[in-house]
Amino acid sequence: MPMSTVCKIRTNSEPSLQANKNLILLVWLILLVVTPVHAVEKASEQRLDEVAERGSHVMPFDLEKTTHIFSKTDTGGIQQVIAKDKSDTVQIDRIRLHLSEIARQFQQGDYSNPEKIHGATMPGLAELKAAKPGQIKIVYKELPDGAEITYATHIEKLKLAIHQWFDAQLSDHARHAVPGHPHDSGHHHH
């Protein structure tokens, strides 16, 4: 092969290789910019204090002795409240009492307790309140150290509302709440 041909091949392949590198970099940067960040920003200290104060009038358990866990799933989410001390039967009983009661209320479309704590403009709340009976399956379950409520729906806008509602609760309960693992219905004991 003549030397000029070899040089031509290299010269023609270099711009192609550089173009591929640039394209890969461009795609990576676009994905970085348009991919939503799932971190939930903690509310201000004043907001956290206000929510904790209002919550103390609605939730019978001690926020300092319990942890809220909000796990998003493909069908909605799982809300858990667990006692930090696994032998604290007083907190466990209070958690179970409260979560079983609000699960019954939610099944009837009554979301007044979250509204009392977080306000009427809480993200996702209006959509949940507007859901027709049976559009969201709400199931209460006792856990060894507390209880959980599972929210499941096949309606995309309601799944999004549940996820927004969970994010708002994580923000407002930042001192007492943690995100669970997305798309996992297992128990998350932190």
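**Reading salt bridges and a sheet in a predicted model**

Modeller: The side chains of Lys86 and Asp145 meet in a salt bridge, at 3.1 Å from N to O, where the term stands for a side-chain nitrogen of Lys or Arg within 4 Å of a carboxyl oxygen of Asp or Glu. This is a predicted model, in which local features need pLDDT of at least 70 and side-chain atom pairs count only at pLDDT 80 or more, while totals for chains, interfaces and linings use all residues. Residues are numbered from 1 along each chain as its sequence is written, and side-chain values use heavy atoms, with hydrogens and water left out.

Colleague: Which parts of the chain does the pair of Lys86 and Asp145 link?

Modeller: In general, side chains of opposite charge can pair when their charged atoms come close. Here Lys86 sits in the loop between β2 and α3 and Asp145 in the loop between β3 and β4, 59 residues apart; helices (H or I, at least four residues) and strands (E, at least two) are DSSP runs, numbered from the N terminus.

Colleague: Is Asp145 buried or exposed?

Modeller: Buried means under 20% relative accessible area and exposed over 50%, with partly exposed in between, for a 1.4 Å probe and protein chains only. Asp145 has 3% relative accessibility and therefore counts as buried, whereas Lys86, at 44%, is partly exposed.

Colleague: How many salt bridges does a search of the whole structure find, and which residue pairs with Glu156?

Modeller: The search finds five. Among them, Glu156 pairs with Lys159, their closest N and O atoms being 2.8 Å apart, and both lie in helix α6, three residues apart, about one turn of the helix. Glu156 is exposed at 56%, while Lys159 is buried at 13%.

Colleague: What is the order of the strands in the open sheet?

Modeller: Strands of a sheet pair through backbone hydrogen bonds, either parallel or antiparallel, and pairing is assigned if DSSP finds at least two bridges between two strands. The five strands here run in the order β3-β4-β2-β1-β5, with mixed pairing, and the edge strands, β3 (137-143) and β5 (177-179), each pair on one side only. Strand β1 (residues 66-73) pairs with β5 in the parallel sense over three bridges, and the bridge partner of Phe70 in β5 is Pro179.

Colleague: Which strands does helix α6 lie across?

Modeller: Contact means heavy atoms within 4.5 Å, and axes are lines fitted to C-alpha atoms, for helices over the stretch in contact, with angles from 0 to 180 degrees between N-to-C directions. Helix α6 (residues 156-172) lies across β1, β2, β4 and β5, at about 30° to β2.
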